Amino acid sequence: MALSSSPLPPKLLTTTQSPSSPSTPKLLPSHSPLTSFSFPTKPTTTHTIHFHTLSSTSASDKWRAKVSFFPAFLSKGKDAKTLKEELLDAIASLDRGADATPEDQQTVDQIARKLEAVNPTKEPLKSDLLNGKWELIYTTSKSILQTQRPKFLRSRVNYQAINADTLRAQNMESWPTFNQVTADLTPLNARKVAVKFDYFKIAGLIPVKAPGRARGELEITYLDEEIRVSRGDKGNLFILKMVDPSYRVPV
């Protein structure tokens, strides 16, 4: 669930064929089919059969070597720095996601998943890198983007703060609304929390108790000192950059 600050509540076989044709040669039982043929007559036939069997196996081995080598070579992944640059380039012109087309969203999601696969922080809820104030630079959440409003009534900048030591979170909108919401966090594992909103602050001043249904889940899927990627229980993607690691959420 998005940590939304809106007053409303915010996924070879290697086969060795036995020459079983109805010819004169007769196969005797053995453990090694390439070395234990016994041919009472016509020894020249024996050499011919051995030659073709070994040649066929050799060609097959070479083919298998080529098939197994190239995919391993081509599948070498990109590092986190390169992927972060690609991700930031992909979202730069999308107005935090408000101008994103479905194709844009798919492209961003694909890059984000590659970045998540090289996440250096396996247990983000135990990391100090999580603590502080983050600026939202991209999301697929329409409620946070406020796309139903005219642009001049939308929050210009959105922030999210998390303190893992106190298990508190806060969302903040900027001009013209200045709305805020705070929440309690309950760890579900080392990277996922249940979110229960407690108070909204209309215009940053008027406290309003959040309804009981204002809750959800948030998973931190990538975390370093600069970038955080999270996913909500409604399937929304959130990409944030660190702006103030010293910020403390009100208790």
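**Ground rules.** Local features need pLDDT of at least 70 and side-chain atom pairs count only at pLDDT 80 or more, while totals for chains, interfaces and linings use all residues. I number residues from 1 along each chain as its sequence is written, and side-chain values use heavy atoms, with hydrogens and water left out.

**Charges over rings.** Next I looked for charges over rings (NZ of Lys or CZ of Arg within 6 Å of the ring centre and within 35 degrees of the ring normal). Lys133 has its charged end over the ring of Tyr159, 4.4 Å from the centre. Arg228 lies over the face of Trp134, at 5.0 Å from the ring centre.

**Confidence.** I checked pLDDT, the predictor's confidence in each residue, from 0 to 100. The chain average is 80, and 70% of the residues score at least 70. Over residues 3-75, pLDDT stays under 50. The model has 63 contacts (heavy atoms within 4.5 Å) beyond four places in sequence for that stretch. Where pLDDT is low, the predicted coordinates should not be read in detail.

I took helices (H or I, at least four residues) and strands (E, at least two) as DSSP runs, numbered from the N terminus. The chain has four helices and nine strands. Their order from the N terminus is α-α-α-β-α-β-β-β-β-β-β-β-β. I call a residue buried under 20% relative accessible area, exposed over 50%, and partly exposed in between (1.4 Å probe, protein chains only). Of the 251 residues, 37% count as buried.

**Helix α3.** Does the length of α3 agree or disagree with expectation? The expected span is 1.5 Å times one less than the number of residues. For the 15 residues of α3 (residues 102-116) that gives 21 Å, and the end C-alpha atoms are 21 Å apart, which agrees.

I then listed the buried residues of α3: Val108, Ile111, Ala112, Leu115 and Glu116. Seen down the axis, they fall within an arc of 145°, so they line one face of the helix. The arc is that of the directions from the helix axis to the C-beta atoms. On the other side, Pro102 and Glu103 are exposed. The cover over the buried residues of α3 includes α2 (80-91), β1 (132-139), β7 (215-223), β8 (227-232) and β9 (237-244).

**Loop β3 to β4.** Which peptide bond is cis? I found the one from Trp175 to Pro176, with omega near 10°. Pro176 is in the loop between β3 (168-173) and β4 (180-187). Phe178 is in the loop between β3 and β4 too. Its phi is near 60°, positive in a residue other than glycine. Phe178 is partly exposed, at 40% relative accessibility.

**Loop α2 to α3.** Asp95 is in this loop. It is not a glycine, yet its phi is positive, about 50°. I noted Asp95 as partly exposed, with a relative accessible area of 32%.

**Loop α3 to β1.** Val118 is in this loop. Its relative accessible area of 34% makes it partly exposed. What does Val118 contact, leaving aside its neighbours within four places in sequence? I found Lys78, Ala80, Leu83 and Tyr222. Asp79 is 39 residues from Val118 along the chain, but their C-alpha atoms are separated by 7.3 Å.
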